[in-house]
Amino acid sequence: MAVAITHASAQKLRLSGEVKGVQQGIVYLQKYVDRYYEVVDSADIKDGHFCFNSEVVLPEVYGLSLHLSDTPFLLFLDRGDISVTLQPAPGYRGSQVTGSGVHDLYTGFHKERQDLTTFISDHPHSLVSLYILYREFVSRLSSEDIQKNLSLLDASLQQHRFADILRQVISTRDRTDIGQLAPDFTALTPEGDSLSLHSLLGKGYLLLDFWASWCGPCRKENPNVVAAYREYKDKGFDILAVSLDKTREAWLKGIEQDGLAYHHVSELKFWNSDIARLYGIRAIPANLLLDKESRVVAKNLRGTDLADTLSRLF
């Protein structure tokens, strides 16, 4: 089903719902910004039901949660009467939305596992097309493929923040591609000292490793990074790990638990990290291998790829 979407504007939201197994409490309505949410409104749960009549931008991507510490249930809201059945199970799995054609289009894309370019071509006016390109495919596609798919979208979506972010990603990737000189930055170590990237160069090869203690795939990858460090540290290999953690306590606990005995910095700004933005990091784990001059020689080395690459270089 094709869903045409006109330019988003502030509208009266007509959203009601029930929370399975919960009679009282609060439901938080949050706007999805860029891998994080901002609270827009809240509603009391009375006898298992809630209602929002807020003035919000529609159509847009939002989330509902029972606690601000939860990752919200993501949904696409639009004009008209919308009903939600919120399941308080982990991750709000099983929650249902009715009355939002935009959300139906989003769930339909995943059920049918459609080709991205074909989907965008069929739905060039849809925020769903832009969101999927921005959120789910940006890390999988080349800059050329991102631009190709972005150009298929209607002009009404080209000024949306997701489109702006995609253009920023393309620009940043051009600066951090293999063969480019990695830009310098300075951030604080766990001890509170300032440490710059370029201060660690000149000895051999340096791995710039983006991770976070809350990132499960990062924690699974850390043993491979540690093993490579132990084998090649005496030959000129070093590591600077940039954490996207939110709190110092979680950051330091992750370092200790995983035995990460190399250089660390963090801004403790989650996805608002200026360093991650500088390098166009949209998903973690991610890394760049730099030579003595800060030139990028390899990217996103996972599993045994890091050790294999280092064995060829040393």
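Val 297, Leu 313 and Phe 314 make a nonpolar surface patch of about 210 Å². A patch is built from residues with over 30% relative accessible area and no salt bridge, where like charges are joined within 9 Å and nonpolar side chains (Val, Leu, Ile, Met, Phe, Trp, Tyr) within 5 Å. Accessible areas come from the Shrake-Rupley method with a 1.4 Å probe, and for residues only the protein chains shown count as cover. Leu 313 lies in helix α9, which covers residues 305–313. Its relative accessibility is 34%, so Leu 313 counts as partly exposed. The class boundaries are under 20% relative accessible area for buried and over 50% for exposed, with partly exposed in between (1.4 Å probe, protein chains only).

The model is predicted: local features need pLDDT of at least 70, side-chain atom pairs count only at pLDDT 80 or more, and totals for chains, interfaces and linings use all residues. Residues are numbered from 1 along each chain as its sequence is written, and side-chain values use heavy atoms, with hydrogens and water left out.

**Overall figures**

The protein has 9 helices and 17 strands. These elements are DSSP runs numbered from the N terminus, with helices (H or I) of at least four residues and strands (E) of at least two. The C-alpha trace spans about 65 × 45 × 30 Å along its principal axes. Of the 314 residues in the protein, 50% are buried. Among contacts with a separation of 6 or more, 64% are between residues 24 or more positions apart; contact means heavy atoms within 4.5 Å.

**Helix α3 and Ser 126**

Helix α3 is mostly covered, with 10 of its 11 residues buried. The buried residues of α3 include Leu 127, Tyr 131, Glu 136 and Phe 137. Ser 126 sits in the loop between α2 (116–122) and α3 (127–137). With a relative accessible area of 0%, Ser 126 is buried. At the start of α3, a side-chain oxygen of Ser 126 comes to within 3.0 Å of the backbone nitrogen of Val 128.

**Glu 60**

Which secondary structure element holds Glu 60? Glu 60 is found in strand β7, residues 60–65. Its relative accessible area is 2%, so Glu 60 is buried. The side chain of Glu 60 makes a polar contact of 3.4 Å with the side chain of His 160 and another of 3.0 Å with that of Arg 161. A polar contact is a pair of N or O atoms within 3.5 Å; within protein, one must be able to donate a hydrogen and the other to accept it, and residues adjacent in sequence count only if both atoms are side-chain atoms. Leaving out residues up to four places away in sequence, Glu 60 touches Lys 31, Leu 75, Phe 76, Leu 77, Leu 127, His 160 and Arg 161. Leu 127, one of these neighbours, is also among the buried residues of α3.

**Salt bridges**

The whole structure holds 10 salt bridges, each defined as a side-chain nitrogen of Lys or Arg within 4 Å of a carboxyl oxygen of Asp or Glu. Some of them are tabulated here.

| Lys 20 | Glu 18 | 3.8 Å |

Lys 20 is partly exposed at 37% relative accessible area, and Glu 18 is partly exposed at 27%. Arg 35 and Asp 34 are both buried. Asp 78 is buried at 15%, whereas Arg 79 is partly exposed at 34%. Salt bridges that share partners join Asp 34, Arg 35 and Arg 282 into one network.

**Cysteines**

How many disulfides does the model contain? The count comes to 1 disulfide, where a pair of cysteine sulfur atoms must lie within 2.5 Å. A disulfide is a covalent bond between the sulfur atoms of two cysteines. Cys 215 and Cys 218 form the bond, with their sulfur atoms 2.3 Å apart. The torsion about the S-S bond of Cys 215 and Cys 218 is about 80°, so this disulfide is right-handed. Cys 215 and Cys 218 are both buried. Cys 51 is partly exposed, with a relative accessible area of 42%.
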